Amino acid sequence: MSTAEQQPNDHPSDALLGPADIRELAAALGVRPTKQKGQNFVIDANTVRRIVRTAEVRPDDVVVEVGPGLGSLTLALLEAADRVTAVEIDDILAAALPATIEARMPGRKDRFALVHSDAMLVTELPGPAPTALVANLPYNVAVPVLLTMLDRFPTIERTLVMVQAEVADRLAAEPGNKVYGVPSVKANWYAHVKRAGSIGRKVFWPAPNVDSGLVSLVRRAEPIKTTASKAEVFAVVDAAFAQRRKTLRAALAGWAGSAAGAEAALVAAGVSPQARGESLTVEEFAAIAEHKPEAQRPAL
């Protein structure tokens, strides 16, 4: 299908932002992208359409976007979704975005909402509950923002995030992979995770010093079956990877109160005390959490 054929009638084909548009907007706002804020604006319309396509955004989706910046991806999402809510922390960018939407896609402005806030502090969103999360996440906060949004908004069924390639590899890593770690396990608690493509440096302004990757997360139809709480499971994960080169018997000694206590919990969970955290599935971490020594459990 050609790009022209993909365009719904109420979206002009030139509605998306190109390199000149981005630079013009930034100049008008006095915005200079900073490394401190992790700002790298996407300047390629084909890339944002590819992201929307890869995210499988549907006409009935309510999409939440974190860090919309100047609105490149926002406009592409508005082309495809029913509604888009953008969460932006930057004062200047947040103030300018509604005007950009109205100027370039006036027929969709009523389908757009802006939340001017730090995504880590957002506990509710306006309008219908979100069904999808699509975002170009700043590299320095990508993992905590992703996990927080998945935790706070359980109606999000599908997620596609663009992150630093190294972070993408970590999120999508499977047990036994050398980069498998805390982000991998915690993301798996919520969703089935996989790499969904790579993004080159030239589609950004300014061009970053690293490549980017797309990560797809599809919410688990059923939560992990366990009597342990998420906090209890995550405590085991954190302890296991805090000393990832040690055996779990040693790494979980603090969590269990002693190495012997850790060994007892591991054996009860069906996990070898000589194993290391990087070899365990999220289900195995949950099983270990269920067998925490009684003396180490918080009093009710």
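Trainee: What share of the chain's 300 residues count as buried, and what makes a residue buried here?

Mentor: In this predicted model, 50% of the 300 residues count as buried. The label applies to a residue with under 20% relative accessible area.

Trainee: How do you know how compact the chain is?

Mentor: Start with its make-up: the chain holds 13 helices and nine strands. Its radius of gyration is 21 Å, close to the 19 Å from the globule rule for 300 residues, so the chain is as compact as a globular protein of that length. Along its principal axes, the C-alpha trace spans about 65 × 40 × 40 Å.

Trainee: Let's turn to α5. How do you know that its length agrees with a helix?

Mentor: Helix α5 runs over residues 91-104, which is 14 residues, and at 1.5 Å a residue they should span 20 Å. The end C-alpha atoms lie 21 Å apart, which agrees.

Trainee: Where does α5 bend, and by how much?

Mentor: The bend is about 30° at L97, and the proline P98 follows within four residues. The angle is taken between axes fitted to the seven residues ending at a position and the seven starting there.

Trainee: Which residues of α5 are buried, and what covers them?

Mentor: L93, A94, A96, L97, T100 and I101 are the buried ones. Their cover includes α2 (19-29), β1 (41-42), α4 (72-80), β3 (83-88) and β4 (112-116).

Trainee: What makes D90 a cap for α5?

Mentor: A side-chain oxygen of D90 lies 3.0 Å from the backbone nitrogen of I92, at the N-terminal end of α5. The cut-off for a polar contact is 3.5 Å, so this pair falls within it.

How values were computed: Residues are numbered from 1 along each chain as its sequence is written. This is a predicted model: local features need pLDDT of at least 70, side-chain atom pairs count only at pLDDT 80 or more; totals for chains, interfaces and linings use all residues. Side-chain values use heavy atoms; hydrogens and water are left out. Helices (H or I, at least four residues) and strands (E, at least two) are DSSP runs, numbered from the N terminus. The expected span of a helix is 1.5 Å times one less than its number of residues. Buried means under 20% relative accessible area, exposed over 50%, partly exposed in between (1.4 Å probe, protein chains only). Contact means heavy atoms within 4.5 Å. A polar contact is a pair of N or O atoms within 3.5 Å; within protein, one must be able to donate a hydrogen and the other to accept it, and residues adjacent in sequence count only if both atoms are side-chain atoms. The radius of gyration is taken over C-alpha atoms; the globule rule is 2.2 Å times the number of residues to the power 0.38.
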